[in-house]
Amino acid sequence: MTIRTQLATLILLAGTPLLSTLGTAQTAPTDLDKSIDLSVSSHVKVQHLLTELQQAVSQHNAAAVAALVHYPIKVNPGKHPITIKNPKAFIKDYDQIITPDIAAAIYKQKYDALFVNSQGVMIGDGEVWITGFCLDKNCKNSDIKIGTIQDTKNLKP
């Protein structure tokens, strides 16, 4: 584990109790919460997913990160996109998918600085997108998962 990863882990773990306290003390939804609710259906689930993702990445827990992803997922961790069909394949290729740049974007993301649009909730500069997915034909049941993982350094505006 690199010193940068260790430092990020310590910072994240130190702030986790504070984040959970702040989340439970909040009573009225903010404008961000309302935007997330409209985009992906539940700001509470997004808040939990972000916290779980940050903890899993800081602990280099590939299985925990894989559980937060919607499959199949097309990831673009660099020059060539790849399609990951299931959690087992994600775990196998974890270090190619969650690159240091993508991990850094995840570590740095604060809930109150999330960007939201009709495509979902963006982490960093688009390295990770959280999206709502229908679980049935009529979309009466849905789930919130990671739908995109990509390196944004080489994306053209």
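Colleague: Which residue does the disulfide join to Cys134?

Modeller: The partner is Cys139, with the two sulfur atoms 1.8 Å apart. Do bear in mind that this is a predicted model.

Colleague: What makes that a disulfide?

Modeller: The S to S value is 1.8 Å, and the label needs cysteine sulfur atoms within 2.5 Å, so the pair qualifies. A search of the whole structure finds one such link. The angle about its S-S bond is -80°, and the link of Cys134 and Cys139 is left-handed.

Colleague: Why is Cys134 called partly exposed?

Modeller: Its relative accessible area is 44%. Buried would need under 20% and exposed over 50%, so Cys134 falls in between.

Colleague: On to the rings, then. How many aromatic pairs does the structure hold?

Modeller: There are three. One of them is Phe90 with Tyr94, whose ring centres are 6.2 Å apart and whose planes stand at 65°. Pairing asks for centres within 6.5 Å, and edge-to-face for planes over 60 degrees apart, so this pair is edge-to-face.

Colleague: Are Phe90 and Tyr94 buried or exposed, and how do you know?

Modeller: Phe90 has 0% relative accessibility and Tyr94 has 3%. The limit for buried is under 20%, so both residues count as buried. Ring pairs also link Tyr71 with Phe90 and Tyr94 into a cluster.

Colleague: Why is the pair of Phe115 and Trp129 called edge-to-face?

Modeller: The planes of these two rings are at 85°, so the pair is edge-to-face, with the centres 6.5 Å apart.

Colleague: What does the pair of Phe115 and Trp129 tie together?

Modeller: Phe115 lies in strand β3 (residues 115-117) and Trp129 in strand β5 (residues 128-134), so the pair ties together parts that are 14 residues apart in sequence. Trp129 counts as buried at 10% relative accessibility, whereas Phe115 is partly exposed at 41%.

Colleague: And the chain as a whole: how many helices and strands does the protein chain have?

Modeller: Its secondary structure comes to seven helices and six strands. The elements run α-α-α-α-β-β-α-α-α-β-β-β-β from the N terminus on. Of the 157 residues, 40% count as buried.

Note on methods. Residues numbered from 1 in each chain as written. Predicted model: local features only at pLDDT ≥ 70, side-chain atom pairs only at ≥ 80, totals over all residues. Heavy atoms only, no water. Phe/Tyr/Trp six-rings, centres within 6.5 Å; stacked < 30°, edge-to-face > 60°. Buried < 20%, exposed > 50% of the residue type's maximum accessible area, 1.4 Å probe, protein only. Helix = DSSP H or I, 4+ residues; strand = E, 2+ residues; numbered from the N terminus.
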